[in-house]
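Please find below my comments on the model under review, arranged as numbered points. They may be read alongside the sequence and the coordinates.

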Amino acid sequence: MPAIARTAKASYKKQLGTLELTDTHLQWTQDGKTVPSVKIPLQDAASLFCSKEGAPQVRLKLGLVNDDAGHNFTFSSEPQTVALTERETFKSELTNVISRNRSGAGAAPPPPGVVTPKAPVTASTSVSPSKPSTPVAVPASRASVSRATSVASDGRVPIIPGADAASDFRLRKKVLMSNPELLALHKDLVMTGQITESEFWEGREYLLLAQAAAEAQKRGRPGQLVDPRPQTVEGGEVKIVITPQLVHDIFEEYPVVAKAYSENVPSKLSEAEFWKRYFQSKLFNAHRASIRSSATQHVVKDDPIFDKYLEKDDDGLEPKRPREEVADLYISLGATLEDHAETGNEKDITMRAGRQRGVLPLIRKFNDHSERLLDSTLGENPPLKRRRVEGDGQDNFSQIELEDLRDPESSIGIFLEMQDRQRCFEGQLMRGIAAEQVPARPVDVSEAHVDFRRELEGWDARFNQLRLERKAADAALLSMTQNVTARLDTKTKKNGLPAALFRQLTTCQTAANEFLRQFWGAMCPPPVDTPFAPSLAQRSAKAAKMASYLAGTREKVDALVRVAQIEGADGASVEVAMKPVLEAVERALAFYRAKNPSKATQHKVA
């Protein structure tokens, strides 16, 4: 009997009991019983999660190689500090076990005959991982266990190398939930034990990588100008919901508000009173992104604190904050100021500032916001494209030259192999020489002008008499309408098949396609040599298994034909629909029989 290293009071599925850690197993025994109800070999430990500090319940979740749901235990010792101490002790021991499993030096294998029950985890059970208990990835050298025994599933859980099992499972779950067809295929093949989880995701790693990249992408700063909108609640009261993010955005967008906050809170005003008076002040209306806000300031009451921070409207022809001179002609709006001096270069009406002074502060506010937005995006990184400088002088034309329109490489084209190439080029050359030797006819300009005027006489009358025939346009429109209708009917029509039978056909087709994908992946693997690639023996065994599945496709199609005939549908339609799949299956099996003559009789389409 293995020695017990750690023990603690813990509940499992709301049943009180004792949790024990031995040198080979983690086991839980219900109170009043002597035989453990849960017995987990330590070599199956894959990941570890713990509840957050301060949570009402002290929980520990152990994820297994063959069970992503794992087992949840709640430490029930009183007081809670004792339960926390016991949880930390178990966590430390199990962390060492998982580390040994990752390094390939796991504990001894469990004795035969021990069955580890799988506990389903409901959605109401939420265990948040603590920082010290980072999920531990499954070792690449261990064989994963699945409901279906697989020769290609060893060492490939998680699916993405280098990722931990918990995050890999989460990515797979999100990909399946976002793709109903892939989810249905997973249920039909993996959940029924026909193929393993690793085999299913082999070749679909790009979906997981795309999901991981989408989640890792950081959101940038929102481009919307900070402008809190009051909300009217019951009783006619107006309120503004203040969040920490809103406060941060206001301080970043309007430094004068941050200055007022630091000078008056909490010495003169409380935080709640500060924001209440700010949203009722002229300063808030001056910051609002609307021309009407300037008119609102005349009806807002004076505030002795916030009125000190008011600034005069920036409605002059020149802005108060001088901008740096734009040296890049490509983005300078005044770069063409001196162009066309001989014909006049007066500014267009849209380029004359100050015609409506009320909009100038708002425009400059938007410009300042856009500048801050760009600065926060670019940071302090150097610009990707610098101005070209030739010697001491500056090439102005190079600043407005678009590199995307320049061809960096000259291509000679595709060399065409042709017969009698020399004769072909000689013939073209002779025709060109003969054309050059023909004397060109001189053109009489005055005569051409007279002919041109003669042809234009009465053009308006002829133009009014022009009538376009509608037959061609109507025929084209009718043809397009019929095409769209036919495409829509083809997409929605089930060829008279019942809905249940059509779903069975779809399931059979997708399953056969998946078996074909697995078969060809084993017979003709991609030329990528990785530590996780299966060996030749594993690929041969996998191909044999997939060939056995493919050999039953004909029998499944015949069964669907009989079901269609029983339900009064046309069995020939089923044959026509499944004919491409059967041809692909027959070609795969013929290829397999040619490669393995000794197994030719075992894999024939019935």
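1. Salt bridges in the whole structure. This is a predicted model, and a search of the whole of it finds 18 salt bridges.

2. Arg 172 and Asp 168 form a salt bridge whose closest N and O atoms are 2.8 Å apart. The two residues are four apart in helix 2, so about one helical turn separates them. Is Arg 172 buried or exposed? Its relative accessible area is 4%, under the 20% cut-off, so Arg 172 counts as buried. Asp 168 is likewise buried, because its relative accessible area is 0%.

3. Helix 2 covers residues 165-178 and has 14 residues.

4. A salt bridge joins the side chains of Arg 554 and Asp 558, with an N to O distance of 2.8 Å. Both residues belong to helix 19 (residues 553-566), where they stand four residues apart, about one turn of the helix. Arg 554 has a relative accessible area of 17% and is therefore buried. Asp 558, at 26% relative accessibility, counts as partly exposed.

5. The pair Arg 593 and Glu 586. These two residues form a salt bridge in which the closest N and O atoms are 2.9 Å apart. Arg 593 counts as buried because its relative accessible area is 18%, under the cut-off of 20%. Glu 586 has a relative accessibility of 33% and so counts as partly exposed.

6. A network of charges. Arg 87, Glu 88 and Lys 91 are linked to one another in a network of salt bridges.

7. A buried lysine. Lys 542 is part of helix 18 (residues 536-551). With a relative accessibility of 5%, Lys 542 counts as buried. Which side chain does the side chain of Lys 542 meet in a polar contact? The partner is the side chain of Gln 518, at 2.7 Å.

8. The loop between strands 1 and 2. Lys 13 lies in the loop between strand 1 (4-12) and strand 2 (15-22), and Lys 14 is found in that loop too. Lys 13 has a phi near 55 degrees, a positive value in a residue other than glycine. Lys 14 also has a positive phi, of about 65 degrees, although it is not a glycine. The relative accessibility of Lys 14 is 82%, so this residue counts as exposed.

9. Cis peptide bonds. The peptide bond from Glu 78 to Pro 79 is cis, with omega near -5 degrees. Pro 79 is placed in the loop between strand 7 (71-75) and helix 1 (80-102). The bond from Val 265 to Pro 266 is cis as well, with omega near 0 degrees. Pro 266 occurs in the loop between helix 7 (255-264) and helix 8 (271-278).

10. A nonpolar surface patch. Phe 452, Leu 456, Trp 459, Phe 463, Leu 466 and Leu 468 form a nonpolar patch on the surface, and together they have about 730 Å² of accessible area. Helix 14 (445-456) and helix 15 (459-464) each supply at least two residues of the patch. Leu 466 lies in the loop between helix 15 and helix 16 (470-492).

11. The chain as a whole. The protein chain holds 20 helices and 11 strands. Of its 606 residues, 31% count as buried. The chain exposes about 41,200 Å², of which carbon and sulfur atoms supply 55%. Among contacts with a separation of 6 or more, 61% are between residues 24 or more positions apart.

Note on methods
Residues numbered from 1 in each chain as written. Predicted model: local features only at pLDDT ≥ 70, side-chain atom pairs only at ≥ 80, totals over all residues. Heavy atoms only, no water. Patch = residues over 30% accessible without salt bridge, like charges linked within 9 Å, V, L, I, M, F, W, Y side chains within 5 Å. Areas by Shrake-Rupley, 256 points an atom, 1.4 Å probe, with all protein chains shown as cover. Salt bridge = Lys/Arg side-chain N within 4 Å of Asp/Glu carboxyl O. Buried < 20%, exposed > 50% of the residue type's maximum accessible area, 1.4 Å probe, protein only. Polar contact = N/O pair within 3.5 Å; in protein donor to acceptor, adjacent residues only side chain to side chain. Expected span 1.5 Å × (residues − 1). Contact = heavy atoms within 4.5 Å.
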